[in-house]
Amino acid sequence: MIKTRDELHHFAEFARERLESEGPELSLDELFDLWRSENPSAVRYAENVAAVNAAIQDFRNGDRGTPAGEHSDSLRREFGISPE
């Protein structure tokens, strides 16, 4: 219960600061999404760390992934978007 109360207090402070700096046009959903992206849960944080570590290991093992241009071309073809 105390953790929830603390998180609520921190979210309220975060929301107040964002509304002051970015203007009142942010919705509650947008504020919450921003809060979550900047304050992930312990589980989400652990998942992100594991994913980064796996990517580093893949890189060390020689996997360089797909060049961005090739990936972009593939997405354009998949969605029927012509190159500009």
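**Helices, charges and rings**

E47 and R44 are 3 residues apart in helix α3 (residues 42-60), so about one helical turn separates them. Helices here are DSSP runs of H or I with at least four residues, numbered from the N terminus. The model is predicted: local features need pLDDT of at least 70, side-chain atom pairs count only at pLDDT 80 or more, and totals for chains, interfaces and linings use all residues. Residues are numbered from 1 along each chain as its sequence is written, and side-chain values use heavy atoms, with hydrogens and water left out.

Side chains of opposite charge can pair when their charged atoms come close. E47 and R44 form a salt bridge, with their closest N and O atoms 3.9 Å apart. A salt bridge needs a side-chain nitrogen of Lys or Arg within 4 Å of a carboxyl oxygen of Asp or Glu. By this rule the count is 5 salt bridges. E47 is partly exposed, at 47% relative accessibility. Buried means under 20% relative accessible area, exposed means over 50%, and partly exposed lies in between (1.4 Å probe, protein chains only).

Now look at helix α1. R18 and E22 both lie there, 4 residues apart, about one turn of the helix. Their side chains meet in a salt bridge (3.1 Å, N to O). R18 is buried at 16%, and E22 is partly exposed at 38%. A network of salt bridges links R18, E22 and E38.

Rings come next. Rings of Phe, Tyr and Trp (its six-membered ring) pair if their centres lie within 6.5 Å; planes under 30 degrees apart are stacked, over 60 edge-to-face, and the rest tilted. By this rule there are 3 aromatic pairs. F11 and F32 form an edge-to-face pair, 6.1 Å centre to centre with 70° between the planes. This pair links distant parts of the chain: F11 is in helix α1 (residues 2-22), F32 is in helix α2 (residues 28-38), and they are 21 residues apart. F11 is buried at 14% relative accessible area, while F32 is partly exposed at 40%. F11, F14, F32 and W35 form one aromatic cluster.

Finish at helix α4. F79 lies in this helix (residues 68-79). F79 counts as exposed because its relative accessibility is 56%. R76 and D73 also lie in helix α4, 3 residues apart, about one turn of the helix. Their side chains meet in a salt bridge (3.0 Å, N to O). After α4 comes G80, whose phi is positive, near 65°.

Notes:
Helices (H or I, at least four residues) and strands (E, at least two) are DSSP runs, numbered from the N terminus.
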